[in-house]
Amino acid sequence: MTNNELWQSVLAQMQLHISKANFATWFQNTQISVKDNERVVISVPNAFSKEWLSNKYYKLMLKTMHDMDGSIKELEFVINPQASNKLALNQAFETEKIDAEQLKFDEFKINKETNLNPKYTFENFVVGSFNELAYAAGLAVCENPGHSYNPLFIYGGVGLGKTHLMQSIGNKIADDIKKRKVKYIPSEKLVSGIVTAIRSNTMEQFKASLAPIDVLIIDDVQFISGKTKTQEEFFHVFNSLYEKNKQIIMSSDRPPNAIPELEERLRSRLGGGMTIDVSLPDYETRLVILKTKLQEKNIQLPEDVLEYIASNVKKNVRELEGALNSLLIYQKINSNIANLETAKKLLKSFIFSPFDVANYKKIIESVAKFYNMDEKHLFHETRRKEIVRPRQIAMFLLRKELKYSFPAIARKFGGKDHTTVIYAYKKIQKEVEDNSKLTEEINLIKQRVYSG
Ligand code: ADP
Ligand code: MG
């Protein structure tokens with residue numbers, strides 16, 4: 001693998017983790033200047049870049065390179081102001097520049113009134129068994145907003161198309177001749193809007209501004225967890241729209257009953273209509289998604305390459321797109337289409353990711369995050385239900401996913417008698433059999449464990 005190829009894969013990976021605008025800022029005019037055995041020297045255009053890249057992205061870059069070439073153990077950054085003006089790499093940034101411009105253009109295209117991005121439509125939304133219920137409910141809502149499924153609550157892991165689907169619903173309704181007023185609000189925006197309104201004593205105006213809306217779409221509503229004041233106001237906003245038969249559509253990474261620190265009356269409102277999940281697309285659907293994306297971009301790739309991606313990149317749709325994009329960047333730079341062999345090399349970091357392997361740390365981290373608690377509290381000996389339960393689930397997962405022995409788990413949890421662990425394991429095991437809410441929670445935690 002050449003230095004250029006290696007760097008391209010790093011760039012492709014980085015694109016998945018940072019916004020396009022940031023990507024263009026931090027990675028423009030960077031390249032590998034030297035690669036000796038264990039060390040790779042990356043040249044960057046200025047001190048600012050050096051600082052930023054080495055502080056924020058060192059680990060991720062090293063991991064990506066190490067995945068591609070196991071001998072790489074260390075990275076170094078050097079400042080080279082004239083870097084790369086004449087290098088082939090710059091062509092990548094030609095593409096990037098176009099993309100950055102495209103991005104601005106996309107932002108520009110975001111409808112000021114509705115906040116919707118017109119690129120998300122039902123036409124480019126692929127339907128398979130993983131999302132067909134959510135899709136059908138979405139269409140039903142378009143037919144008769146405010147009446148069929150209200151609220152419509154869509155949940156599932158990242159990159160599975162929740163935003164795409166909700167925006168498609170919004171766009172379809174907004175384009176309808178009935179001229180209904182649609183508003184898309186990411187929940188961070190909703191939260192900050194409410195917080196500002198509370199502070200400046202303008203809650204009434206804030207509510208009045210939402211009153212004319214016919215369809216309110218709130219993305220990633222789980223972020224409202226723990227924010228008591230905001231929840232209270234949101235509850236009132238919700239009610240006043242709901243009572244007037246206005247449609248409310250929400251997404252979250254989990255169902256309402258699994259959102260921690262949510263006021264009970266709001267929880268029951270959120271789950272009071274239709275709650276549907278989106279899961280992972282199967283192989284056939286992944287292939288269709290890849291082909292749809294290629295068609296949109298009007299580009300071709302060999303069938304065996306597509307099959308390779310579809311059978312190996314399974315995490316979510318966003319990763320599928322990322323894998324595809326890294327091949328397209330390669331194609332732009334080298335002016336030839338990646339064959340299967342090249343694809344395997346370029347996609348190594350998508351496929352053999354150590355992120356896909358569960359480990360102790362990830363289980364503890366995921367359980368604590370899921371239940372919105374400090375990791376160290378998992379190890380507290382207490383009878384408080386909100387701690388006992390997550391701790392038992394952590395024990396259960398350590399046993400089930402990592403095959404830890406009961407005494408080993410007991411040692412991790414402060415040398416408890418291992419019969420306590422056996423008890424926890426059996427208890428959760430049994431409950432999973434007849435409690436679908438718990439099964440669901442455990443599945444969502446597992447999804448996090450396995451998706452880094
Ligand atoms: P989420 O909101 O669940 O995290 P997004 O809606 O942001 O996921 O989807 C991530 C990317 O994958 C987007 O670029 C989106 O267009 C694409 N995508 C997701 N699901 C589909 C699908 N069913 N058909 C086509 N593209 C999809
Ligand atoms: Mg989303």
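A polar contact is a pair of N or O atoms within 3.5 Å; within protein, one must be able to donate a hydrogen and the other to accept it, and residues adjacent in sequence count only if both atoms are side-chain atoms. In this predicted model, local features need pLDDT of at least 70 and side-chain atom pairs count only at pLDDT 80 or more, while totals for chains, interfaces and linings use all residues; side-chain values use heavy atoms, without hydrogens and water. Residues are numbered from 1 along each chain as its sequence is written, and chains are lettered from A and ligands numbered from 1 in the order in which they are written.

A polar backbone atom of G161 lies 3.0 Å from an oxygen atom of ligand 1. K162 places a polar side-chain atom 2.8 Å from an oxygen atom of the ligand. For T163, a polar side-chain atom is also 2.8 Å from an oxygen atom of ligand 1. On its own, ligand 1 has 560 Å² of accessible area, and the protein covers 92% of this (Shrake-Rupley method, 1.4 Å probe).

The shell around ligand 1 holds 18 residues, the closest being V126, G159, T163, H164 and E321. A residue is near the ligand if one of its heavy atoms lies within 4 Å of it. Seven shell residues are nonpolar, seven polar and four charged. Here Ala, Val, Leu, Ile, Met, Phe, Trp, Tyr, Cys and Pro count as nonpolar, Asp, Glu, Lys and Arg as charged, and the others, Gly among them, as polar. Helices α6 (162-175) and α13 (317-334) each supply at least two residues of this shell. Helices (H or I, at least four residues) and strands (E, at least two) are DSSP runs, numbered from the N terminus.

Five strands form an open, parallel sheet in the order β5-β6-β7-β4-β8. Strands pair if DSSP finds at least two bridges between them. The edges are β5 (182-186) and β8 (274-277), each pairing on one side only. Inside the sheet, β6 (215-219) and β7 (247-252) share four bridges. I217 has I249 of β7 as its bridge partner. Helix α9 (228-243) lies across β6 and β7, at about 140° to β7. Such angles run from 0 to 180 degrees between N-to-C directions, with axes fitted to C-alpha atoms, for helices over the stretch in contact (heavy atoms within 4.5 Å).

A three-stranded open sheet has the order β1-β2-β3 and mixed pairing. β1 (31-35) and β3 (74-79) are its edge strands. Four bridges join β1 to the antiparallel β2 (39-44).
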